Amino acid sequence: MTPPLKPITAAKMAARTAIILFIFVAIFTGLLSSAYLWTLPTIVAAAAEEKMKLIDEVLPRNRYDNDLLKDTVPVAPSAALGLDEESTAYRARKDGKASALVLEAVAPDGYSGKIRLLIALGADGALIGVRVTQHKETPGLGDYIEPKKDKNKERPWITQFNGLTPTSAGEREWKVKKDGGHFDSVAGATVTPRAVIKAVRKAALYVAENREQLFDKQ
């Protein structure tokens with residue numbers, strides 16, 4: 001005669017459920033890890049491509065022949081750059097010689113808050129290009145600092161920096177024309193360009209003061 005089956009106690013049921021759940025989680029975690037490792041190269045490549053798209057806007061590729069994303073130098077938090085966190089500067093070289101530097105800066109006093117910038121400077125201290133990467137300026141008014149929003153498509157406002165050397169000009173020139181300076185601005189929207197102009201000049205002076213570390217340090 002077959003002995004009667006012993007009823008499964010609550011403790012045994014809980015233990016069995018816990019084991020099943022553990023196995024399921026382990027398998028699921030393993031699958032997720034495998035999927036992440038499998039897609040990681042694609043993720044890294046996409047991130048690098050996005051970085052290069054931004055850099056291409058301020059620095060033509062004919063200005064360097066090195067791997068820009070691998071030739072970097074850390075930049076400590078700096079009031080001159082408007083940064084309160086460490087950032088990365090990208091060093092361009094042509095035939096083994098320093099040709100340019102690309103770095104971030106922030107104008108903290110935009111009309112609607114911080115304006116993040118990407119700036120390219122030649123080894124001679126001249127500005128090659130400037131782009132706004134993030135801002136909250138008033139649409140249709142202060143957002144002309146962004147080329148896509150600027151109505152002047154032939155010569156966007158932000159291109160006024162191209163070729164200028166901040167270290168060879170006095171602070172007086174680095175103002176909007178309304179304040180007696182060099183730069184054009186849109187009537188009724190001068191707070192935004194004032195902030196950008198000041199931030200670009202401060203960043204350029206910072207690079208000049210730290211040239212050896214930024215350009216030449218290996």
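K153 is exposed in this predicted model, with a relative accessible area of 53%. Since the cut-off for "exposed" is over 50%, that value puts K153 in the exposed class. You'll find K153 in the loop between β5 (127–134) and α2 (191–209). What does K153 touch once its neighbours within four places in sequence are left aside? The contacts are with P147 and K148.

D95 is another loop residue to look at, this one sitting between β2 (87–94) and β3 (97–110). D95 counts as exposed because its relative accessibility is 65%. The backbone has something to show here too: phi of D95 is near 55 degrees, which is a positive value in a residue other than glycine.

Now over to helix α1, which covers residues 10–58 and holds I27. At 51% relative accessibility, I27 counts as exposed, given that the class begins over 50%.

| Residue | Relative accessibility | Class |
|---|---|---|
| K153 | 53% | exposed |
| D95 | 65% | exposed |
| I27 | 51% | exposed |

Next, the aromatics. A pair of rings is described by how far apart the centres are and by the angle between the planes. How many aromatic pairs does the model have? The count is 5. One of them is W157 with F161: the ring centres are 5.6 Å apart and the planes stand at 85 degrees, so this pair is edge-to-face. The cut-off behind that label is an angle over 60 degrees. Are W157 and F161 buried or exposed? Both are buried.

W174 and F183 make another pair, with centres 5.2 Å apart and planes at 55 degrees, so the pair is tilted. W174 and F183 are buried as well.

Where does the charged end of R211 sit? The charged end is over the ring of F215, at 4.7 Å from the ring centre.

Key: Residues numbered from 1 in each chain as written. Predicted model: local features only at pLDDT ≥ 70, side-chain atom pairs only at ≥ 80, totals over all residues. Heavy atoms only, no water. Helix = DSSP H or I, 4+ residues; strand = E, 2+ residues; numbered from the N terminus. Buried < 20%, exposed > 50% of the residue type's maximum accessible area, 1.4 Å probe, protein only. Phe/Tyr/Trp six-rings, centres within 6.5 Å; stacked < 30°, edge-to-face > 60°. Lys NZ or Arg CZ within 6 Å of the ring centre and 35° of its normal. Contact = heavy atoms within 4.5 Å.
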